[in-house]
Amino acid sequence: MKVPVFCGKDCGGGACPLLAELVDGRVLGITHNPEAGRFITGCARGYGLARFHYARDRLRMPLIRTGERGSGSFREASWDEALSLVAERLASVRDRLGCESILSLASAGSLGALHNTASLTSRFLDCLGVRTSLQGSYSNGAVRFVLPYVLGQDWRQSSGFDPATMQHANMIILWGANILETRLGAEVPARLLEARRRGIPIVAIDPRRTETAERAATTWLPIRPGTDTALMLALLHVLIAEGLVDRGFVDQRAIGFGQLEAYVLGRDDGFARDPSWASAICGIEAPEIRALARSWAETKPAMLIPGYSIQRVEGGEETFRLTVALQLATGNFGLCGGSTGSPNNCLPVPRVGRIDPRARPGGPSVSVLRWPDAILEGRSGGYPSDIAAAYVAGSNYANQGGDVRKSLAAFARLEFAVCHEMFLTPTARLCDVVLPAASPLEKEDLGIPWHGNYLLYKAQAVAAEGQARSDYDIFAELSDRMGFGEAFSEGRTASEWVELFIAASEVPDPLEFKRSGIYLAPEQERVGLSEFRADPEGRPLRTPSGKVELASEAYARDTGGSPIPLWRGLRLDPRFPLSLVSPKLALATHSQGRDPAGAGPAAAQAISLNPGDARARGIAEGDLVRVYNDRGSSRVRALVRAEVMAGVASLPEGSWFVLDASLEDSSGSPNLLTSTEGGGASTSAVMHAVAVEVERCQGRAATEQGPG
Ligand SMILES: Nc1nc2c(c(=O)[nH]1)N[C@H]1C(S)=C(S)[C@@H](COP(=O)(O)OP(=O)(O)OC[C@H]3O[C@@H](n4cnc5c(=O)[nH]c(N)nc54)[C@H](O)[C@@H]3O)O[C@H]1N2
Ligand SMILES: Nc1nc2c(c(=O)[nH]1)N[C@H]1C(S)=C(S)[C@@H](COP(=O)(O)OP(=O)(O)OC[C@H]3O[C@@H](n4cnc5c(=O)[nH]c(N)nc54)[C@H](O)[C@@H]3O)O[C@H]1N2
Ligand SMILES: [Mo]
């Protein structure tokens, strides 16, 4: 028997059409769901879902901590005992210290209309009282902050493109977008490969020659991390200096191009941001910059697909102001087969019901990046609350946030922490109670894609392993015990909610939807802001001027920054001459399956260095090295790879940290080296272009040890 399923992870796909093959109540394998056609597909992670599901180290019983916090000593407990303890401790914290002393540390471990760990945790905590919440995002904090000023408040619903429009592109620029590995939509990789077969120019701008640069791109432009703003300004310089910009077109649709032009040409300070200036900063030769600008302006439509990587750097706000400027200046803004320069997944998905938080407006909130600081410093440090307890669900934030050592210190301050998890992650180990969460194959739900105009349905394929329960069921029972069961569940079971959400959706034939597992909305080639492009007066944007604000007085006023994007320079430190990037791995979703002692497909962690940089440090392939800066250090195996440009070190995110007594990590975790400071006005994560040094060392890496 085959049933439709999807993973529902924060993985770049969000909802990929899969089929689970079942024999005697066990999942034998996962394959593509042909009902979705040949473009909307899954990836190796989805096809390997069963391995995750049946993993030996999966949590199957509730756990209660017995040893020191973080020691990893737990005993198994019944649900009754574990939930009583959680209810009692949460109530105690709330009653003594106020509900705002409880912090939500939920993330997107599970995504879906119902089984959404972030929404369910918000809903539960909102029923409990006014707690402290997180705002912003590790993923895209800077772009979320800046694009409302540029494109208006509704940019996330208006400025994207449907993946099928990629077939009309005559050029594609992948700017820090490693599509074949990070996907950025379940349909985007196959559309990109199809564009490659059509033979159009595809340019990958990335410090690494990734799988995407290798297999999909026609040109790889290696760029020094964190310098995209300089390259973007130089491209504008060429476009302006060579008369390639249709000023009438731009000025009808944008304000501020003249200010940008004055800055780029150096009219005010006599200093041109031209290709030779940028070349010295970003490492791309001036003739290549000129050639890119010319072909971009001459080709219609040209589609710019930016990754989020370019804004997870210092000054990341500026990059996304300039992607929009470039698509306007080249005339590709709002064109079918072009794009607006905003992230690709910014159009509505089909109408469908979803579980809502029970919104309690006005509660204290902190920037997600700063959660450890908020715990450590509290009100006396300027944060809005004094935090005593944390509710963790669908996140591994002690591992995934900046500055692991600070995160550990923060957990040590908490009087209580509870976690829903499938695995005993570094964050779960820091909690007092760990509740075993159901896997994606154990839950019926509706899937909402990262990018695309479709919905998925999944059946509950198999019964829960051990005593695992869905997050919904856990919260529902806890709510009952705490006296607000009705407010949380409204008396509905999980499957009753799913029925309600289908009924509230635009899906015309629910039975057919459940059979096929997919609903494709009729319109598959939507082009964000095409109506504004065609009629800028009649269809104004929701910005103060009604136009694209390449110069924004509101931004300048709110941030104390410049109304136009500026190159602010790199913070260089001669002690740490290498620029670290910590990208996604094709075979892993963040930290999932990244236990260095486990057998996950992506467990082997390594840092990649350019041959010249390795040689200069006496490092050979396979050597154990120490990567460090003044925040921390981590030991890991080295790979010597020409695919990484000179001056750059690449250490994938996600590996579970393993600290020794001196708080040095031996698993190759990049987050010993990152911080919770944030890169600019948006206080958002800086995970790329982090200054480090690498040296050869003695000893063994955790990644070389066997299981256990
Ligand atoms: N396989 C996989 N895919 C995923 C995820 C996952 O966990 N695993 N997670 C998903 C999530 S939550 C998110 S937010 C997205 C994130 O998507 P991104 O942020 O776009 O992903 P990254 O892997 O960080 O970076 C993409 C590429 O940008 C390059 N890069 C790094 N720094 C720079 C820079 O300064 N300039 C330029 N031009 N390029 C740079 C990296 O080398 C990498 O190849 O990915 C999603 N996709
Ligand atoms: N150095 C560096 N750090 C980064 C990044 C980077 O580029 N570089 N990227 C950042 C980005 S873009 C992101 S989005 C964050 C992601 O950070 P997190 O959201 O913490 O990511 P995951 O490691 O995927 O953690 C999700 C957890 O949910 C668990 N889980 C899975 N399914 C379920 C379920 O149904 N219920 C429950 N309760 N739990 C479940 C998984 O086992 C896993 O431990 O990481 C950020 N950290
Ligand atoms: Mo993310």
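Guide: Domain bounds here come from an automatic or database domain assignment. A residue is near a molecule if one of its heavy atoms lies within 4 Å of it. The model is predicted.

Start with where the shell comes from. Domain 1 (63–137 + 350–506) and domain 3 (578–704) each give at least three residues to the shell around ligand 2. In total, 31 residues surround ligand 2. Ser107, Asn396, Glu421, Lys443 and Ser591 are the closest. By class, the shell around ligand 2 holds 17 polar, 7 charged and 7 nonpolar residues.

Now the polar contacts of ligand 2. An oxygen atom of ligand 2 lies 2.7 Å from a backbone N or O atom of Asn396. Asn396 is also among the closest residues. For Gln400, a polar backbone atom is 2.8 Å from a nitrogen atom of ligand 2. For Gly109, a backbone N or O atom lies 3.3 Å from a nitrogen atom of ligand 2. On its own, ligand 2 has 920 Å² of accessible area, and the protein covers 97% of it. Two elements give two or more residues to this shell: α17 (397–400) and β15 (416–421).

Side chains take part in polar contacts at ligand 1. A polar side-chain atom of Asp228 lies 2.7 Å from a nitrogen atom of ligand 1. A polar side-chain atom of Arg208 lies 2.8 Å from an oxygen atom of ligand 1. The backbone contributes as well: a polar backbone atom of Ile205 is 3.1 Å from a nitrogen atom of ligand 1. Taken alone, ligand 1 exposes 910 Å², and the protein buries 100% of that.

Last, the chain as a whole. It has 26 helices and 26 strands. Its radius of gyration is 25 Å, close to the 27 Å that the globule rule gives for 708 residues, so the chain is as compact as a globular protein of that length. The C-alpha trace spans about 75 × 65 × 50 Å along its principal axes. Of the 708 residues, 63% count as buried.

Key. Residues are numbered from 1 along each chain as its sequence is written. Chains are lettered from A and ligands numbered from 1 in the order in which they are written. This is a predicted model: local features need pLDDT of at least 70, side-chain atom pairs count only at pLDDT 80 or more; totals for chains, interfaces and linings use all residues. Side-chain values use heavy atoms; hydrogens and water are left out. A polar contact is a pair of N or O atoms within 3.5 Å; within protein, one must be able to donate a hydrogen and the other to accept it, and residues adjacent in sequence count only if both atoms are side-chain atoms. Accessible areas come from the Shrake-Rupley method with a 1.4 Å probe; for residues, only the protein chains shown count as cover. Helices (H or I, at least four residues) and strands (E, at least two) are DSSP runs, numbered from the N terminus. Ala, Val, Leu, Ile, Met, Phe, Trp, Tyr, Cys and Pro count as nonpolar, Asp, Glu, Lys and Arg as charged, and the others, Gly among them, as polar. The radius of gyration is taken over C-alpha atoms; the globule rule is 2.2 Å times the number of residues to the power 0.38. Buried means under 20% relative accessible area, exposed over 50%, partly exposed in between (1.4 Å probe, protein chains only).
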